[in-house]
Amino acid sequence: MKKFAFLWMFGTLMFISIYLSLPPKYTPLLQSLLYQDKPAFQTKNIDSKEALTQLQEIPKRRLGEMDYYSLNHMMEYGIVQGKVDSKQEICYIYRGNHHYQLERNIPVLLHNGLYEGIAASAVFLDKHCYLPQIVAKKMVEESSKPVSKQSESSKVSSYDAKQVAKHLSFLRSPIPGAHVSSVDSSLPGAKRAYRNGIHEGLDWYTFGTGKVINTHTPVLSMGSGVVVRADHDYQEMSPKERGEWLILGRQNNGQTPMYILDKLRGRTVWIQFENGVMARYCHLSRISATVKVGEKVHTGDVLGYVGNSGTSDGVLKNNQGLHLHLDILIHGQWLWGKYTVKERRMILESVFNHS
Ligand SMILES: [Zn+2]
């Protein structure tokens, strides 16, 4: 018996050692066990030409009308490195000096701190990330280019309030004639009982801004930039659907996932401005027909009109709670949390109350 046990153990060890010595693409089971939801930097990226050839080899998965690649497969083949935040359902992808971020159901790519629109968003199935074939191909092609100076990761995370105010000083008001709300709970960083416990943006209501704000109020581009997103086809949720998203958001340890936060923003326009500044204009009632993803806009262009889409009033289709919610990010970073209320107010008033 002892002899058999010895042979069995010997055989098993031999099998394991041969299995481990195989190139990663022959060991998908092991790879999927090792790299599920974990950072994986097991291989050096292969060059762009080879990566494009390898992309053809990867099994495609048809979802709806498009083909997708699993991020795990792309990593196994050495095409990219990546990791998945399975709680937030965000995937981070690296190739050379290029880094990318994609969020579930959001047709936007964050590439080296700058946002751009994409034809289809990442899909998450059983906590695995799938990338649309066209997006994967675009990432590989782009990554052969040198990183431009403008997109270099900036030092903004170490900025003090004055430096942020200076960085944003080129922006003009999205609603001329209105001033930054005198109500602290309308400022970014204000506490909220829902979402991630904080208010991300700056709210522009009639109350507190000195101007009547309703569905006739145009929302203007605050600078020259490129349209990242314009939800022309936005479909309002039902009150039941919105309620379910809120419950789902709360279940996630108080960390409402990005794709749910995105639902609550309603009909949005995202503009990538200069200096790495990106703005999300939320809860709009309408979007100007000329505002299209990939196209340029200029300071003062009408992007759309104030509304309440995505809010508790919006789903009831009433005319209450009309306001613009404006998110401002710099190089993909939400900076407001580290400043005091006084500092946040100083930054925003210095930018918007004179323009
Ligand atoms: Zn808001």
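Reader: What makes strand E12 and E16 a pair, and how many bridges join them?

Author: Two bridges join strand E12 (residues 225-230) to E16, and the two run antiparallel. Strands pair if DSSP finds at least two bridges between them, so E12 and E16 qualify. Strands here are DSSP runs of E with at least two residues, helices are runs of H or I with at least four, and both are numbered from the N terminus. The model is predicted: local features need pLDDT of at least 70, side-chain atom pairs count only at pLDDT 80 or more, and totals for chains, interfaces and linings use all residues. Residues are numbered from 1 along each chain as its sequence is written, and side-chain values use heavy atoms, with hydrogens and water left out.

Reader: Which strands are called edge strands in the open sheet, and why?

Author: The sheet has six strands in the order E10-E18-E14-E13-E12-E16, with antiparallel pairing. Its edge strands are E10 (202-204) and E16 (296-297), as each pairs on one side only. In general, strands of a sheet pair through backbone hydrogen bonds, either parallel or antiparallel.

Reader: Why is Leu 55 called buried?

Author: Buried means under 20% relative accessible area, exposed means over 50%, and partly exposed lies in between (1.4 Å probe, protein chains only). Leu 55 has 2% relative accessibility, so the residue counts as buried. Leu 55 lies in helix H3 (residues 48-57). Its C-alpha atom is 7.7 Å from that of Lys 137, 82 residues apart along the chain.

Reader: Why does Phe 10 count as partly exposed?

Author: Phe 10 has 46% relative accessibility, so partly exposed is the label. The residue lies in helix H1 (residues 2-21). With Phe 6 and Leu 7, Phe 10 makes a nonpolar surface patch of about 340 Å².

Reader: What makes a set of residues a nonpolar core, and which residues have the most contacts inside the largest one?

Author: A nonpolar core is a set of buried Ala, Val, Leu, Ile, Met, Phe, Trp, Tyr and Cys residues joined through side-chain atoms within 4.5 Å. The largest has 42 residues; Leu 168, Leu 171, Tyr 281 and Phe 352 have the most contacts inside it. Elements giving two or more residues to this core include helix H6 (161-167) and helix H9 (341-352). A second, separate core has 26 residues, among them Tyr 69 and Val 135.

Terms used: Patches are made of residues with over 30% relative accessible area and no salt bridge: like charges are joined within 9 Å, nonpolar side chains (Val, Leu, Ile, Met, Phe, Trp, Tyr) within 5 Å. Accessible areas come from the Shrake-Rupley method with a 1.4 Å probe; for residues, only the protein chains shown count as cover. A salt bridge is a side-chain nitrogen of Lys or Arg within 4 Å of a carboxyl oxygen of Asp or Glu.
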